[in-house]
Amino acid sequence: MIELQHVTKTYRRRGAGRGGPELHALRGIDLTIQDEEMFGVVGESGSGKSSLLRMINHLEAPTAGRVLVDGVDLAALSPRARRARRRRIGMVFQQFNLLANKTVFDNAALPLRLQRRRERDRVMQMLDFVNMADHAHKHPSLLSGGEKQRVAIARALVTEPGILLCDEPTSALDDHHTEEVMEILGQIRRELRTTIVLVSHELDVIKASCDRAAVLERGRLTAVADVVAPPPREAFATYAERAQRYLA
Ligand SMILES: Nc1ncnc2c1ncn2[C@@H]1O[C@H](COP(=O)(O)OP(=O)(O)OP(=O)(O)O)[C@@H](O)[C@H]1O
């Protein structure tokens, strides 16, 4: 379970020195995310979505309030214990953040290598899970955006995290690759029983995948909505066919 208890995050405005004006990115957020939920976070640009996500793995520390993950406050741990806990939380980003000079395999293996673990089977298993095992020897420059994101997901999962944080994972992708990535996130949740927190400004993506979603406005939590799934979409053979039907 993830609990945010009256979390506030204040930044010094970019370029402002000490004593300069402050920017309130999050204001008094109270929020509980249950195990195995697919939980959305929506809001306009600058509303605090990424800041909220980065609180959960303590990439950012709250200015006030507490963040508990399975009852543990990461801020109260030693740096070493915090690092160990953080490994139980995976993260994927809009821009994939793959290393260009490493193969798909080496990119996916990176979190294990950092722990001096060589578990080839585990890496291949995760690449297989995201349907990228056949591309293991390739470099990222040869992959489509959707394929890159699938490798980034395999990398995030390789240490078997109980929580996966996704920061705009489909925002750089076209519709087809967005569906592919969202299908995989659904599969992760169903088969690996991972709790997923999904930040997106794309309401369609949240509606199609999440159980509940937090709505942020200028750093405040304005609602936590129970998401009602949309009616099944018509299946179209091609993007062109769908575009024609949608636009007409
Ligand atoms: N490290 C930082 N230093 C100063 N200000 C920051 C920092 N990180 C975020 N901010 C500011 O905090 C506010 C919230 O930013 P955040 O990135 O959390 O919002 P967001 O909803 O994820 O936006 P976007 O969708 O554009 O990524 C913004 O005004 C942003 O400029």
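This is a predicted model: local features need pLDDT of at least 70, side-chain atom pairs count only at pLDDT 80 or more; totals for chains, interfaces and linings use all residues.

Reader: OK. What is the strand order in the open sheet of six strands?

Author: The order is β6-β7-β8-β3-β9-β10, with mixed pairing. Strands here are DSSP runs of E, at least two residues, and helices are runs of H or I, at least four, numbered from the N terminus. Two strands pair if DSSP finds at least two bridges between them.

Reader: Which strands stand at the edges?

Author: β6 (89-92) and β10 (220-226). Each has a single partner strand, so one side of each is left without a neighbour in the sheet. From one strand to the next, the twist averages 20 degrees.

Reader: How many bridges join β6 and β7?

Author: Four, in the parallel sense, with β7 covering residues 163-167. Ile-89 has Ile-163 of β7 as its bridge partner. Gly-90 stands opposite Leu-164.

Reader: Which helix packs there?

Author: Helix α5 (residues 145-157), which touches β6 and β7. Its direction makes about 165 degrees with that of β6. Axes are lines fitted to C-alpha atoms, for helices over the stretch in contact, and angles run from 0 to 180 degrees between N-to-C directions. Contact means that two C-beta atoms, placed from the backbone, lie within 7 Å.

Reader: And the faces of β6, which residues are on each?

Author: Ile-89 and Met-91 are on one side, Gly-90 and Val-92 on the other, and all are buried. Buried means 20 or more other C-beta atoms within 10 Å of a residue's own; exposed means 12 or fewer, and partly exposed is in between, with C-beta atoms placed from the backbone. In a regular strand, side chains alternate between the two faces of the sheet.

Reader: Next, the open sheet of four strands. What is its order?

Author: β2-β1-β4-β5, with antiparallel pairing. β2 and β5 (72-73) are the edge strands. β1 (residues 2-12) and β2 are joined by eight bridges. Arg-12 stands opposite Glu-22 in β2. Helix α1 packs on this sheet and touches β1, β2 and β4 (64-69).

Reader: Now helix α4. Which of its residues are buried?

Author: Val-123, Met-126 and Leu-127, in a helix that spans residues 120-129. They cover an arc of only 100 degrees around the axis, which puts them on the same side of α4. That arc is taken from the directions from the helix axis to the C-beta atoms. Their cover includes α3 (104-114) and α5.

Reader: Is Arg-82 buried, exposed or partly exposed?

Author: Partly exposed, because it has 16 C-beta neighbours inside 10 Å. Arg-82 lies in helix α2 (residues 79-86). Beyond its neighbours within four places in sequence, Arg-82 is in contact with His-58, Leu-74 and Leu-77.

Reader: Last one. How many residues surround the ligand?

Author: 13, and the closest are Tyr-11, Ala-25, Ser-45, Ser-50 and Ser-51. A residue is near a molecule if its C-beta atom, placed from the backbone, lies within 6 Å of it. The largest share of the shell, three residues, comes from α1.

Conventions. Residues are numbered from 1 along each chain as its sequence is written.
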